[in-house]
Amino acid sequence: MKQIDLDKIELIEIRKISDPDGRGNLSVIEKDVLPFVIKRVYYLYDVPSSSSRGGHAHKKLQQFLIALSGSFDVVLDNGTQRRNMTLNRPDRGLLIPNGIWRELEHFSSGAVCLSLVSAEYDESDYIRDYDAYLERVKK
Ligand code: T46
């Protein structure tokens, strides 16, 4: 599996349209924002602050995570490096390429994590065992 330098992973700005009459904001993700076609959308919510989600890597799936509301941390791990990214703005998202181990934690009250992904649900795309992940990364 190709190892990706975590320093190259950045938060991507999402276009924000602020209403001139004070009706709030609208953000839009158009096809040029993401390097993949969105095949599935899901969202995490009501996650207790003491719980974590993720704890796996994907063989092929790419995804884009946005904190639609509240905040949470995404810990990225490529087998040799770890990096913590805090998501707390609905007009910024985190693009996670395939092959990166991720854990989502420290969800604030009311946090909603929107996930836009490149493939339909397929359990065989998951690597849920960290030692197995490290083995794959070393190859
Ligand atoms: C990821 C993080 C951020 C489905 O049936 N369909 C789906 O599209 C998904 C995403 C999950 N499921 C089922 C599979 C499990 O029985 O829902 C259950 C919970 O899934 P999982 O333990 O994978 O949930 P998370 O929050 O740990 O991980 C999910 C995504 O699976 C994963 O790709 O990166 O959110």
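This is a predicted model: local features need pLDDT of at least 70, side-chain atom pairs count only at pLDDT 80 or more; totals for chains, interfaces and linings use all residues.
View 1. Around the ligand stand 13 residues, and the closest of them are Arg40, Arg53, Gly54, His58 and Tyr126. Sorted by class, this shell holds five nonpolar residues, four polar residues and four charged residues.

**View 2. Strands contribute to the shell around the ligand.** Three strands each give at least two residues to the shell: β4 (40–45), β5 (53–58) and β10 (101–105).

View 3. Start with arginine 40, where an N or O atom of the side chain is 2.4 Å from an oxygen atom of the ligand. For tyrosine 126, the distance from a side-chain N or O atom to an oxygen atom of the ligand is 2.5 Å. Arginine 53 also takes part, with a polar side-chain atom 2.8 Å from a ligand oxygen. On its own the ligand has 650 Å² of accessible area, and the protein covers 67% of that.

**View 4. Trp101 and Tyr133 form an aromatic pair.** Now for the rings: the structure contains six aromatic pairs. Two values describe such a pair, the distance of the ring centres and the angle of the planes. For tryptophan 101 and tyrosine 133, the centres are 5.5 Å apart and the planes stand at 45°, so this pair counts as tilted. Tryptophan 101 belongs to strand β10 and tyrosine 133 to helix α1 (residues 130–138), so their pairing ties together parts that lie 32 residues apart in sequence.

Note on methods
Residues are numbered from 1 along each chain as its sequence is written. Side-chain values use heavy atoms; hydrogens and water are left out. A residue is near a molecule or strand if one of its heavy atoms lies within 4 Å of it. A polar contact is a pair of N or O atoms within 3.5 Å; within protein, one must be able to donate a hydrogen and the other to accept it, and residues adjacent in sequence count only if both atoms are side-chain atoms. Accessible areas come from the Shrake-Rupley method with a 1.4 Å probe; for residues, only the protein chains shown count as cover. Helices (H or I, at least four residues) and strands (E, at least two) are DSSP runs, numbered from the N terminus. Ala, Val, Leu, Ile, Met, Phe, Trp, Tyr, Cys and Pro count as nonpolar, Asp, Glu, Lys and Arg as charged, and the others, Gly among them, as polar. Rings of Phe, Tyr and Trp (its six-membered ring) pair if their centres lie within 6.5 Å; planes under 30 degrees apart count as stacked, over 60 as edge-to-face and the rest as tilted.
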